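Please read the numbered points beside the model.

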Amino acid sequence: MRALVLGLGLVLGACGGPPAADVSMSGPRWLVLDPLPDMKSFSTTSHRSQARPHAEVARDFLDLTFAMESGRALERMTRFEEPITVSMSGEVPATAPGDLARLLGRLRSEAGIDIRETGGPAAVSIEFVTRQRMQALVPTAACFVVPRVSSFAEYRAERRNPQVDWATLAERERVSIFIPSDTSPQEVRDCLHEELAQAIGPLNDLYRLSDSVFNDDNFHTVLTGFDMLILRITYAPELRSGATRAEAANALPGLLARLDPQGRPGKAAPPAPTPRAWTEAIERALGPTGSDRTRREAAIRALHIAEDQGWQDARMAFSLFAVARLSMANEIATAVAAFIEAARIYRSLPGGEIQAAHIDMQMAAFALSSGQAAEAIILCNRSIPVVTRAENAALLATLLMIRAEALRLQGHAAEARASRLESLAWARYGFGDEVEVRARMSEIAALTPGRLAETVPGEQGDSG
């Protein structure tokens, strides 16, 4: 059971950042000792948005644009009114320039934004600092964005002043993004996508969105087709900095008819508002503090609120996911039932395939730990294409390693080794340095019945 629970927590990285490696698996207790292959990374791709009613897109755009994450209303929209320049400084990770170039290319081609990188002063300054320095000022942030400053030193001097209050802007002219320099390539890439989107676009997140990075559930790690549509709307000539919600609402029907001809006609029912009590319960349940008992109680409280609200959207599915995630240690039947219902809801929602793939990974881990190799392989094979399209290397590496271990159980040594090496290549991008990669992948291997009893030296030369 301990090994099962350890493995099931591996890729909750989509919900608050990857957990730290289990140091007990370091050094000679690693179960995966293959020489690490070259790192794999994703090539430039586009993400098409699914057709939605224009009224629904307009509603979501207004709710994203005219409020902050705190719920504070914004009277007027702001954006950059000149071509946008972007620069990077500090200890820039080796993978960051390529990932930024691909992101800027997508913003130009998919969102129609005039944006480019420059080596000098820029409208958007991306500075890499150590996680320790960054979290000394903002302890809970994986990365963050601030207006009207151009450096970390300037932010440190001005952070208590109205200058860095987004609500005081009339137009965006100068913004800084701060990202840890000492983290995995995937986390750097994810921060580039999420924070640059906020730097130039909407400031709000909505838990009801199933196909967007503008959602604090963090399942989507790169900008989706829906996100690109929202940014294309933000920079359409029909809108401008200073536009009120009413003015934007009047412009949106014609604007969407031009920008999104595939969108469907129809009305959008007003979504049920998200009570602050539900958000607080979810944050407590999946946050970094609190005992297992208090966190599970918070997840159950969030689920009860979702049931009382009658939701059947991403908020209900996420409530179920939280209950399942926090029931694995002592309530396996509850966890499985909640995962299954969450997956059913997610598969009915736009963009919900990646959330369902996370659940497939959890269920595949269950199957592997109980020796059901064929079932584990089916679950992994179903989700690997989805996760590849979503560009989540950490989740992809985990699925590939579970599949490798399942193939190993079936006696398919060559196929198992190929899947394991592919897993390690993606893990280098998803998890970072060698210690982290070997620890994460060894945790998965430890799920396999009998694996912990094996002698490690024999594993290094094992072809399966």
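1. I359 touches F321, F339, A342, A343 and Y346, leaving aside residues up to four places away in sequence; contact means heavy atoms within 4.5 Å. The model is predicted: local features need pLDDT of at least 70, side-chain atom pairs count only at pLDDT 80 or more, and totals for chains, interfaces and linings use all residues. Residues are numbered from 1 along each chain as its sequence is written, and side-chain values use heavy atoms, with hydrogens and water left out.

2. I359 is also among the residues that touch the most other members of the largest nonpolar core, which has 79 residues. Such a core is a set of buried Ala, Val, Leu, Ile, Met, Phe, Trp, Tyr and Cys residues joined through side-chain atoms within 4.5 Å. Buried means under 20% relative accessible area and exposed over 50%, with partly exposed in between (1.4 Å probe, protein chains only).

3. D313 is found in the loop between α10 (292-309) and α11 (314-325); helices (H or I, at least four residues) are DSSP runs, numbered from the N terminus. D313 counts as buried because its relative accessibility is 17%. Not counting residues up to four places away in sequence, D313 touches R208, I345 and L349.

4. The buried residues of α10 include R295, A298 and L303. Seen down the axis of α10, the buried residues fall within an arc of 160 degrees, so they line one face of the helix; the arc is that of the directions from the helix axis to the C-beta atoms. The face turned away from the buried side carries the exposed residues R293 and D308.

How values were computed: Helices (H or I, at least four residues) and strands (E, at least two) are DSSP runs, numbered from the N terminus.
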